[in-house]
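Please keep the sequence and the model at hand while reading.

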Amino acid sequence: MLTIVTDEEPAQRRGRVPADAPASHSVSLERGLSILDAFTGNRSVLGIADLARAVGLNKSTTHRYVATLTSLRYLQQDPETKKYFLGPRAVDLGFAAIDSMELTRVTGPLLQALADETGFTASVAVCDGPDVVYVDRRRSNRRSALAMDLNLHVGSRLPAYCTSMGKVLLAYRDPAALRQILDHTDMARRGPKTITNREQLLAALAKVRQSGVAVNDEELAPGLRSFSAPVRDRSGEVVAAINVAVYLTLAPTTVEALAGRLEAPLRRTAAEISRRLGHRQQP
């Protein structure tokens with residue numbers, strides 16, 4: 001049975017709805033969506049008190065909305081802590097949003113061409129707080145061992161600080177936003193060459209801005225290397241990153257040799273995706 005939620009508080013008093021909002025505006029729907037919006041990569045598990053503060057409602061009203069969202073499977077409750085996290089219906093909406101993004105409509109054939117040209121899996125990701133989220137991923141159609149896939153898929157999340165796409169996305173953030181992200185990043189060692197020092201990471205990001213390519217040399221996992229380049233929108237803002245991932249067992253050579261082979265098609269693909277998103281390179 002669903003819990004019925006009513007609009008006890010005038011919308012204008014809460015300051016969320018303008019006084020001239022149309023009569024068709026649903027305050028209940030707005031409140032429900034604002035509760036879902038309170039969950040972020042940094043705050044993925046929240047209690048009623050946390051949610052009440054986030055959306056500006058009292059605990060009783062918040063609990064009724066949360067109960068409805070839980071019954072509809074947009075939220076789930078941890079039976080031990082009694083706190084809430086996003087449920088399967090919310091995840092489904094997220095995947096539907098990814099599928100409908102202009103970015104993924106553009107990247108598909110170009111990523112596939114990059115994967116086929118290099119023989120390695122190519123991916124594109126966007127930034128979500130301290131993480132990168134994979135929004136497209138293409139395996140090579142070439143029948144060779146080089147087409148070996150990684151245990152990742154659309155929707156997978158990885159920490160930005162130790163991935164090539166993450167470095168690209170962090171490198172082009174404004175200093176205040178970057179500082180906030182790093183303040184919430186646990187720079188734990190994940191691979192034999194993970195950068196765990198903040199100042200060293202900032203120096204690496206400066207090199208990315210200078211060269212336009214990021215390299216991950218066994219920083220995420222042993223034996224894994226990847227190369228990444230930025231994707232820009234019509235305003236010139238970096239909105240995504242693409243990469244090519246390579247296992248050392250499949251390409252036992254130096255980083256420099258791999259870069260010489262992969263950087264040109266990687267840069268060319270990133271530039272073409274950016275062009276199709278409306279970006280025009282300055283003469």
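## A turn, a sheet and a pocket

E218 sits in the loop between β6 and β7. The model is a predicted one, and in it E218 has a phi near 55 degrees, a positive value in a residue other than glycine. Most residues other than glycine have a negative phi. Because its relative accessibility is 13%, under the 20% cut-off, E218 counts as buried. The two strands on either side of this loop form a hairpin with six residues between them, and β6 and β7 pair in the antiparallel sense over four bridges, with V215 standing opposite F227 in β7.

These strands belong to an open sheet of six strands, whose order is β5-β4-β3-β8-β7-β6 and whose pairing is antiparallel. At the edges lie β5 (157–159) and β6 (214–217), each of which pairs on one side only. On average, and with direction ignored, neighbouring strands of the sheet are turned by 30 degrees against each other.

Within the sheet, strand β7 (residues 224–232) is joined to strand β8 (residues 238–247) by nine bridges, and the two run antiparallel. In this pair R232 stands opposite V238 in β8. Helix α6 (residues 102–118) packs on the sheet, where it touches β3 (122–128), β4 (131–138), β7 and β8, and its direction makes about 70 degrees with that of β4. Helix α7 (residues 164–171) also packs on the sheet, touching β3, β4, β6, β7 and β8, and the direction of α7 makes about 155 degrees with that of β8. Eight of the nine residues of β7 are buried, so this strand is largely enclosed by the rest of the structure.

β7 and β8 form a hairpin of their own, with five residues between them, and G236 in that turn has a positive phi of about 95 degrees. A further positive phi belongs to R73, a residue other than glycine, which lies in the loop between α4 (59–71) and β1 (75–77). R73 is partly exposed, because its relative accessible area of 45% falls between the cut-offs of 20% and 50%.

| Residue | Phi |
|---|---|
| R73 | near 70 degrees |
| E218 | near 55 degrees |
| G236 | about 95 degrees |

How much space lies in the second largest pocket? The second largest pocket holds about 330 Å³ of space. It is lined by 14 residues, and the closest to its centre are P230, R232, A271, H279 and Q281. The elements that give two or more residues to this lining are β7 and α10 (255–276), and of these α10 gives the most to the lining, with five residues. Sorted by class, the lining has five nonpolar, five polar and four charged residues.

H279, one of the residues closest to the centre of that pocket, has its place in the segment after α10. Is H279 buried or exposed? H279 is buried, because its relative accessible area is 19% and the cut-off is under 20%. Leaving aside its neighbours within four places in sequence, H279 is in contact with R232, D233, R234, G236 and S274.

Note on methods
Residues are numbered from 1 along each chain as its sequence is written. This is a predicted model: local features need pLDDT of at least 70, side-chain atom pairs count only at pLDDT 80 or more; totals for chains, interfaces and linings use all residues. Side-chain values use heavy atoms; hydrogens and water are left out. Two strands pair if DSSP finds at least two bridges between them. Axes are lines fitted to C-alpha atoms, for helices over the stretch in contact, and angles run from 0 to 180 degrees between N-to-C directions. Contact means heavy atoms within 4.5 Å. Buried means under 20% relative accessible area, exposed over 50%, partly exposed in between (1.4 Å probe, protein chains only). On a 1 Å grid over the protein atoms alone, a cavity is a set of points where a 1.4 Å probe fits but cannot get out, and a pocket is an open set with protein on both sides within 12 Å along at least five of seven lines; lining residues have an atom within 4 Å of a point. Grid points are joined across faces, edges and corners, and a volume is the space filled by probe spheres set on the points. Ala, Val, Leu, Ile, Met, Phe, Trp, Tyr, Cys and Pro count as nonpolar, Asp, Glu, Lys and Arg as charged, and the others, Gly among them, as polar.
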